Amino acid sequence: MKILKFGGTSVGSTQRIKDVAKLICDGTPKIVVLSAMSGTTNTLAEISGYLYRKNPDGATEVTNRLERKYADIVRELYSVAEYRQQADALVRQRFDCIRTCMKDLFTPFDEKTILAQGELLSTHMMHLYLHEKGVKSAVLPALEFMRTDKNAEPDAAYIKTHLCRLLEENRDAELYITQGFICLNAYGEIDNLQRGGSDYTASLAGAAIHAEEIQIWTDIDGMHNNDPRVVESTAPVRRLHFNEAAELAYFGAKILHPTCILPARLANIPVRLLNTMQPEAAGTTISNETEKGKIKAVAAKDDIVSIKIKSGRMLLATGFMRKVFEIFENNKTPVDMVTTSEVGVSVTIDDCKYLDEIVNELKKYGTVTVDRDMVIVCVVGDLEWDNVGFEAKIIDALKDIPVRMISYGGSNYNVSLLIKAADKKRALQALSEHLFHN
């Protein structure tokens with residue numbers, strides 16, 4: 001059995017819901033994971049924002065506007081009165097649930113309940129539409145099998161047991177529809193898998209049932225070899241290793257959430273990235289297979305700050321590096337890149353919330369220099385150290401661009417370079433020209 005996940009843009013309108021329904025009805029059983037319709041989760045978060053600020057009138061106005069939008073979609077989507085009435089009742093039920101959360105003491109639990117309504121709407125609307133078309137579908141409620149443990153990590157054993165039970169209870173169905181993103185926590189409360197969570201749901205479900213394949217359907221035909229917003233003539237990468245895909249996702253390829261493919265990787269299940277608007281396109285296949293000696297893609301991560309600590313007195317002292325990194329740990333700030341020399345250490349961060357506190361503490365150990373408005377450019381591929389020449393190609397491409405830091409060796413799939421944000425476009429274009437077009 002395959003797992004197919006469709007993002008918000010893929011089910012973002014009446015026509016796209018119909019298109020997805022056609023795509024999934026090919027006569028083979030599958031689990032279909034749906035996100036909320038595009039824009040819905042952001043609107044639900046806006047409603048929660050008003051309630052946190054004790055502005056129920058603002059929350060009510062936004063709620064009513066979103067409910068009218070869904071009422072319009074129902075009128076367009078269903079042609080049979082019976083199913084239109086059922087869908088109207090569904091919409092009223094979901095929005096009544098939102099209104100029950102509009103109270104003086106608005107809690108994070110209420111917020112997560114509100115955020116869950118988008119996926120509950122999209123899945124049940126799809127289920128009703130399939131039934132109207134004569135397709136025997138079944139809803140597998142994510143809140144009955146997707147759960148996290150006390151460490152907020154997915155409870156794999158629970159997911160496997162309860163998902164397999166639901167499949168067995170509905171074994172006569174042709175299609176199975178479930179919600180992405182939402183789950184229960186270890187205490188039985190409604191929670192979620194954070195943004196990108198629908199991809200994570202698909203990967204976890206695939207691992208639980210040992211799926212043949214996991215498909216992530218979006219509005220772009222796979223991972224491209226560079227950022228198409230910056231560089232012309234980019235092309236989809238047809239095959240990636242899981243590690244290559246993870247590096248690209250972490251360093252800026254927004255099509256895939258960095259953590260979502262880990263369950264698939266551990267279960268050795270291939271993941272395909274496909275385009276709902278061009279279903280015939282080959283997309284990108286991610287697996288545990290490596291194409292030897294090949295540079296695959298370039299990505300860039302914006303809004304980076306570099307911090308250099310220079311201290312001839314302390315660097316060689318036992319425990320210096322531990323003290324430096326404890327400062328970042330104590331301030332809950334992860335580090336992206338690290339380079340060292342005899343008299344200094346440089347690191348990069350992308351979260352500046354505690355930057356002032358970090359800098360003040362680092363000044364106990366040496367002179368601190370901070371560079372803002374930086375970008376990490378990441379070159380990804382099979383970059384084993386004995387693949388002679390790839391470093392020269394990368395450096396030659398950037399020969400006219402100032403490079404602040406270079407990091408290699410932590411991974412055999414990635415070379416990272418820190419440059420000024422003002423040089424980003426020129427750097428990405430130069431890398432494309434030297435690595436993919438020559």
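Because the model is predicted, local features need pLDDT of at least 70 and side-chain atom pairs count only at pLDDT 80 or more, while totals for chains, interfaces and linings use all residues. Residues are numbered from 1 along each chain as its sequence is written, and side-chain values use heavy atoms, with hydrogens and water left out. Helices (H or I, at least four residues) and strands (E, at least two) are DSSP runs, numbered from the N terminus.

H3 comprises the 22 residues 56–77, which at 1.5 Å a residue should span 32 Å; the C-alpha atoms at its ends are 31 Å apart, which agrees. The expected span is 1.5 Å times one less than the number of residues. Burial is judged by relative accessible area: under 20% is buried, over 50% is exposed, and values in between are partly exposed (1.4 Å probe, protein chains only). An α-helix has 3.6 residues a turn, so residues three or four places apart point the same way.

The next element is a sheet. Eight strands, in the order E3-E4-E2-E1-E7-E9-E10-E8, form an open sheet with mixed pairing. Strand E3 (137–139) and strand E8 (239–241) stand at the edges with a single partner strand each, so one side of each is left without a neighbour in the sheet. From one strand to the next, the twist averages 20°. Two strands pair if DSSP finds at least two bridges between them. Strand E7 (residues 213–218) and strand E9 (residues 271–275) are parallel partners, with five bridges; in this pair, Ile214 has Val271 of E9 as its bridge partner. Helix H6 packs on the sheet, where it touches strand E2 (30–34), E3 and strand E4 (175–179), and its direction makes about 160° with that of E4. Such angles run from 0 to 180 degrees between N-to-C directions, and the axes are lines fitted to C-alpha atoms, for helices over the stretch in contact.

Strand E13 (residues 344–349) is mostly covered, with six of its six residues buried. On one side these are Gly344, Ser346 and Thr348, and on the other Val345, Val347 and Ile349. Strand E11 (residues 295–310) runs antiparallel to E13 and is joined to it by six bridges, and Ser306 has Thr348 of E13 as its bridge partner. Strand E12 (residues 338–340) also pairs with E13 in the antiparallel sense, over three bridges, and a hairpin of three residues joins E12 to E13.

Most residues other than glycine have a negative phi. His210, however, has a positive phi of about 55° although it is not a glycine; His210 is found in the loop between helix H8 (197–209) and E7. Asp373, in strand E14 (residues 367–381), likewise has a positive phi near 55°. His210 counts as exposed at 59% relative accessibility, and Asp373 counts as exposed at 62%.

Salt bridges complete the account. A salt bridge is a side-chain nitrogen of Lys or Arg within 4 Å of a carboxyl oxygen of Asp or Glu, and by this rule the count comes to 23. One of them joins Asp110 and Lys103 (3.3 Å, N to O); Asp110 is buried at 3%, whereas Lys103 is partly exposed at 43%. Another joins Lys296 and Glu244 (3.2 Å, N to O). Lys296 lies in strand E11 and Glu244 in helix H9 (residues 242–250), so the pair ties together parts that are 52 residues apart in sequence. Both Lys296 and Glu244 are buried. Salt bridges that share partners join Arg239, Glu244, Glu289, Glu291 and Lys296 into one network.

Notes:
Contact means heavy atoms within 4.5 Å.
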